[in-house]
Number of protein chains: 2
Amino acid sequence: MVARAWRVGVASLVCVFGTALAQGADQADLTSINRIVDEGFNRSELPLTAAYLTDRIGGRLTNSPQMREAERWTQQQYRDWGLKNVRTEGFEFGRGWSIEKSSVRLLKPRVATYSAIPVAWTAPSNGAITATIVVAPMTKVADFEKWRGKLKGQIVLVTQPDTGGEPLVAPFVRLSREDITKYDTYKQPVVSMEEELEKRLERGRFEAKRDEFLAGEGALAWVRKSYREGGLLHGEGYQHRRGQSPKLPGFELAAEHYRQLARLAKTGTAPTLELISDVRYHDEDSNAYNVFADLPGRDAKAGYVMAGAHLDSWVASDGAQDNAAGSAVVMEAARILTKLGLKPKRTIRFALWNGEEQGLYGSFNYTERHLVSRPPLQDPARAALPAYATWNLRWPVTPGPDYNALAAYFNLDNGSGKIRGIYAEGNIAATPILKTWLAPFASMGADSVVATTTYGTDHVPMSAVGIPGFQFVQDPLDYGSRIHHTSIDSYDHLRMEDLKQAAVIMASMLWMSAERDQPLPKRPLPSKPLQTDPFEYEVETPSP
Amino acid sequence: MVARAWRVGVASLVCVFGTALAQGADQADLTSINRIVDEGFNRSELPLTAAYLTDRIGGRLTNSPQMREAERWTQQQYRDWGLKNVRTEGFEFGRGWSIEKSSVRLLKPRVATYSAIPVAWTAPSNGAITATIVVAPMTKVADFEKWRGKLKGQIVLVTQPDTGGEPLVAPFVRLSREDITKYDTYKQPVVSMEEELEKRLERGRFEAKRDEFLAGEGALAWVRKSYREGGLLHGEGYQHRRGQSPKLPGFELAAEHYRQLARLAKTGTAPTLELISDVRYHDEDSNAYNVFADLPGRDAKAGYVMAGAHLDSWVASDGAQDNAAGSAVVMEAARILTKLGLKPKRTIRFALWNGEEQGLYGSFNYTERHLVSRPPLQDPARAALPAYATWNLRWPVTPGPDYNALAAYFNLDNGSGKIRGIYAEGNIAATPILKTWLAPFASMGADSVVATTTYGTDHVPMSAVGIPGFQFVQDPLDYGSRIHHTSIDSYDHLRMEDLKQAAVIMASMLWMSAERDQPLPKRPLPSKPLQTDPFEYEVETPSP
C-alpha cells in the first residue's frame with residue numbers, strides 16, 4: 001500500500017486517473033459517474049428537499065415536534081425513493097423544547113420592540129414578566145457574591161456589554177487554490193492533559209449554577225448578549241436532560257439592544273423590560289432518533305460505506321446551512337444512486353444524525369453501539385456528560401463485531417458551499433486513493449485532498465477510532481460570518497448550484513468507495529497513552 | 001478670483017496655509033482652531049448627546065411623541081450650554097405616528113416568529129388579524145385587474161419575491177485619497193424634462209391607490225418585502241397628510257421570511273399569518289418644528305453662517321447614523337464655540353431640520369420662508385406635493401430680504417464617518433477658500449475639496465438657489481451597506497472618534513466662514529430655462 005501510495009503521489013492527475021484508477025484496485029464503472037452527474041444536475045430534487053426541511057418543517061431542535069416531523073418525513077422520502085431498510089435508532093437525550101411565541105419590549109424610559117430569542121430549554125415566563133433590569137455580569141461562581149442580595153424581583157443582564165466590532169471583510173467568500181493548499185500540512189497529534197478538559201466541562205456546568213443562584217436570589221429572568229452584531233440571534237442552550245431544566249426564563253438579546261440597556265442603566269434609572277416566553281417542553285419520549293436508509297450491496301460480506309449529516313439544528317431560524325444543507329445533500333445522493341439502479345458491491349448507508357448540536361450525541365451513539373466499546377466512567381458526574389467530552393478518558397477502546405464492516409464514512413456539515421476537496425483527517429495512507437476518486441471533479445474545483453484534521457462534527461467519533469471518516473473541504477460562503485446558528489440561517493442563504501455539486505460528488509465518492517476491492521486503509525485503533533507534551537505545565541486559570 | 005484660485009491650486013498645502021490663509025481675505029484668529037481642537041477632543045460631550053438622542057429618545061419620526069421630545073430636549077440643551085435665540089419654526093406636515101407593539105407570526109403550516117415592522121403611517125390592526133396570505137405582486141395600477149375578486153379576507157403580499165444577493169464586499173469601508181479624487185470632476189448641469197418628474201411622482205401616488213384598491217377588495221392587510229437581506233428592516237412610508245392615512249395595516253417583512261411565505265404558498269396550501277400592529281396616530285398638532293439656536297455675531301449687519309442636520313429619523317431603530325450623528329455634531333459644534341466664548345463677526349446659526357425623511361420639508365420651509373419665494377403651483381394635486389419634488393416647476397425664483405444675509409451653510413447627513421473633505425456643490429469659485437479652511441485638517445485626512453454636486457439632503461434647497469451650501473465628504477463606513485434606515489441604525493454603529501473629528505471641523509468651518517471679510521461667492525440665482533438636452537426624447541415607460 002505504501003509503495004502504491006507513493007507512485008500515485010508523484011503522478012500527474014491525468015496519470016492518476018488513467019493508471020491507478022482504471023488499472024488499480026478500483027473497478028468502479030466510470031460511466032456511472034457521468035450518470036450521477038446527469039441525474040444530479042439535470043433532474044435534481046435537492047431544492048425541494050431543502051425547502052421542505054427549512055420552510056415547511058423549520059428549525060429542528062432535538063426532540064422538538066419539528067425534529068419529530070423531520071424524523072418522520074425523511075424516512076417517508078427515503079421509502080418513496082425506494083431506499084431499503086429505512087429505520088431509526090433511538091438513544092436517551094432528554095426533553096424536547098419549542099417556542100410558541102416570545103417577545104421582549106422596552107417599556108421605560110420609552111417603548112421599543114427588541115430583537116430577542118428565548119435560550120433553548122429555559123423556562124416559560126407564564127405570561128408577561130415586567131420588571132427593571134440590573135446589569136450583573138457573571139462568568140464564574142466567585143462572581144455570585146458580588147450580586148448576592150441585589151437581584152430580587154429584577155431581570156438580570158448576565159453578560160459584559162463590551163463593545164462591538166465592525167465588518168471589515170466581505171462576509172461571503174470562496175476559497176482560492178492557495179487557500180486550500182494551506183490546509184495540506186500534516187500536524188503531529190498532541191493530546192493535552194485531562195485537566196484542560198475538566199475545566200472546559202466546569203465552564204459548561206456554570207450555566208446551571210448561575211440559573212440556580214439567580215432563582216435562589218429571587219431574580220425573575222436573565223438576559224445574555226448575542227455574540228454577533230447586526231441584530232443576529234442564536235439562542236443555544238444545553239440543559240436538555242430531564243430533571244436539569246433551568247428554573248428561570250432566559251433570553252438572548254441582540255447585541256445592540258443589550259448594550260443600549262446597559263448605557264441607559266448607567267446614565268439614568270434602571271430601564272423596564274417586558275418579557276414574554278411562551279415556550280413548551282415535550283416529554284412524551286426522551287429518546288432522540290438517528291435516521292438510516294440503505295442501498296443494499298451485492299456482496300453481503302463486503303461491509304458498507306456511509307454518508308452522514310446531522311438533521312437537527314438550533315431554532316433561531318430554520319437550520320438551513322446548519323445543516324439542512326448537508327442533510328439534503330446526503331438524501332439527494334441516496335435518491336440519485338437509487339434512481340440510477342446502481343448495485344454497489346458494498347452496502348451504501350445514509351445517516352441523518354440527531355443531537356449533534358448539543359454534542360455529537362447521535363454519531364457517538366452509533367459509534368459506541370456498532371463500532372467500538374469503551375468502559376463507562378466511574379464518577380457519576382463525569383458519566384453524565386456527553387460522550388464527545390469524555391471519550392478521551394475512557395480506556396481501553398475495544399473493537400465491536402462491526403468495526404471492520406464500515407469501509408469509509410463521508411460527512412457534510414460546513415454550510416452551503418460547494419465541495420472543493422476532502423480533509424484526509426490524518427489518514428495520509430488514504431490520500432492517493434481519495435485523489436483518484438476526486439480527479440474527475442477537477443473542473444468543478446473539487447479535486448484537493450488535504451492532510452488537516454477537523455473537529456466539531458459527526459465524523460469525529462468514527463475517525464477517532466481509526467475508521468476512515470472524512471469531512472469535505474467546502475467554500476465558506478457566509479457560514480462563519482453570519483449564518484452559523486443565527487436567525488438568518490434560512491433557505492435564502494442556501495446556494496443550490498453549490499449543493500447540487502456536493503450531492504453529485506457525495507454520490508460519486510460513495511459509489512467509488514463501495515465498489516473498491518479493498519476497504520480504505522484504517523488508522524490504528526487508539527491506545528493509551530496518546531502522545532502528550534512531556535514538558536507541558538498546567539496553565540493557571542482562576543477557579544470557577 | 002480665477003487667478004488666485006489657480007495660484008492656490010498649484011501651490012503645496014503648506015504654501016496654501018502659509019500664504020492664502022494668513023495673508024488673504026481670512027482674518028480668523030488661527031489660535032481659535034487649536035482651542036476648538038482641544039475642547040472637541042479633550043472634553044467632548046458628543047457621546048452623551050448622541051446617546052440621549054438614540055438610546056433614551058429613540059427613533060424620531062416627524063411629529064411622533066419621540067420627535068416632540070427631541071424638539072424639546074435639544075432646545076433645553078442649547079439653553080443649558082448658553083446658546084441664544086433658541087427657538088422653533090413650525091410648518092404644516094401632517095400626523096404623527098408611533099408603534100406601541102407589533103408582531104408577525106407564521107401560524108400554519110407551523111409556528112414561527114417573523115421579523116417585521118409596520119410601515120409608517122399605516123393603520124392599526126385593532127387586535128390580531130389571522131388570515132391566509134396571497135402573493136399578488138403589484139407595481140402599477142394596471143396590475144390591479146389581475147387580482148380583482150381574489151383578495152377578500154386575505155393578507156396580500158404585494159412585492160415580487162425575487163432572489164437575494166450575497167455580501168461579496170466588506171460592509172464597512174473608508175475612502176482612500178484616490179477614491180476622493182474621483183469626486184473632483186465638474187459635471188455640467190443638465191435638467192431633464194418635467195415629464196420625468198411627473199412619472200416619479202405618479203409612482204409615489206401608486207402606494208395610496210394600491211391601499212385604496214386592496215381595502216375595496218376586502219383584503220385585511222398588506223405585506224411588502226424588505227429591500228435589504230439578512231433580516232434587516234426599514235418601514236418607510238409617506239402617507240402622513242391628514243385625511244390621507246392608509247386604510248389598511250401594512251407591514252414590511254424580512255426578505256428571508258417574505259420569500260419563505262412565497263415558497264410555501266407555491267408548494268402547498270396558503271400559509272396563515274397572525275399580524276398585530278398596535279400603532280397610534282398623533283393629531284394634537286400637525287405642525288412639524290425646525291429647531292434653531294444662535295451664537296450671536298458682533299456685527300449685526302454682517303449676516304450669518306449656518307450648520308444644519310436633520311433631527312428626524314425613521315423608526316426601525318434609533319436613527320443613529322441617520323441622523324443623530326449629524327445632529328450631535330451640529331450640537332457639539334454649538335457647544336464648543338459657545339464654551340470657548342468666541343465672538344464671531346457673523347452670527348453662527350445651528351439648525352436641526354424636521355421632516356427631512358419624507359422630503360426635505362424642514363429645510364425647504366426655511367428656504368422659502370427666509371431666503372427666496374416661488375409662486376405656488378396652480379394644479380392642486382401638484383401643489384400638495386412636497387416642495388422638494390416641485391421646486392423645479394415653480395418660476396420665477398425671487399430673492400427674499402434675507403437672501404444675502406446667509407453667507408454659508410454646512411450640512412452633515414452621511415452617517416458616522418469622519419470628514420474627509422467637502423463637496424463644492426458646483427460652487428467652484430468657492431473651492432480655493434474652502435481649501436484654505438480645510439488645510440489645518442490635512443493630518444486628520446479632511447483636506448479635500450471636490451467639485452461634485454450631491455443631492456438628497458438639506459443643503460439642496462439652499463444650494464439650488466445659489467447660496468453657498470455644502471455637504472461634507474465622509475467615510476462611508478457601513479452606512480449604505482447595512483445601516484441607512486435599518487433596524488440596526490443604533491448607537492453601537494456610531495464611531496465616536498469619527499464624530500468628534502467632524503464636530504471639530506464643523507466648528508472650525510463655521511468660525512472661519514463667520515470671520516471672513518467677504519461672504520463666500522454665491523452662484524447666480526437660477527432662472528428659467530435651465531440647460532436641457534435639446535435632443536432628448538422622452539423615454540417610453542408603461543403607464544401606471
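This is a predicted model: local features need pLDDT of at least 70, side-chain atom pairs count only at pLDDT 80 or more; totals for chains, interfaces and linings use all residues.
Buried area is taken here as the accessible area, computed with a 1.4 Å probe, that two parts lose on being put together, summed over both. Asp55(B), Arg56(B) and Glu166(B) contribute 18% of the area that chain B buries against chain A, more than any other three residues. Residues are numbered from 1 along each chain as its sequence is written, while chains are lettered from A and ligands numbered from 1 in the order of writing. Local features need pLDDT of at least 70 and side-chain atom pairs count only at pLDDT 80 or more, whereas totals for chains, interfaces and linings use all residues; side-chain values rest on heavy atoms, with hydrogens and water left out.

Counted as contacts (heavy atoms within 4.5 Å), 43 residues of chain B meet 43 residues of chain A. The interface holds 12 salt bridges, each a side-chain nitrogen of Lys or Arg within 4 Å of a carboxyl oxygen of Asp or Glu. One of them pairs Arg263(A) with Asp492(B), whose closest N and O atoms lie 2.9 Å apart. On the chain B side, the elements giving two or more residues are α4 (46-57), β2 (96-108) and α9 (255-267); helices (H or I, at least four residues) and strands (E, at least two) are DSSP runs, numbered from the N terminus. The largest share, 7 residues, comes from α9(B).

A closer look at Asp318(A) takes us to the loop between β11 (304-310) and α10 (320-339) of chain A. Asp318(A) counts as buried because its relative accessibility is 5%, the class being under 20% relative accessible area, with exposed over 50% and partly exposed in between (1.4 Å probe, protein chains only). Leaving aside residues up to four places away in sequence, Asp318(A) touches residues of both chains, among them Arg60(A), Asp489(A), Arg110(B) and Gln260(B). With Arg110(B), the side chain of Asp318(A) makes a polar contact of 3.1 Å.

In chain B, helix α10 (residues 320-339) is largely enclosed by the rest of the structure, because 19 of its 20 residues are buried. Just after α10(B), Gly341(B) adopts a positive phi of about 70 degrees.

Methods:
A polar contact is a pair of N or O atoms within 3.5 Å; within protein, one must be able to donate a hydrogen and the other to accept it, and residues adjacent in sequence count only if both atoms are side-chain atoms.
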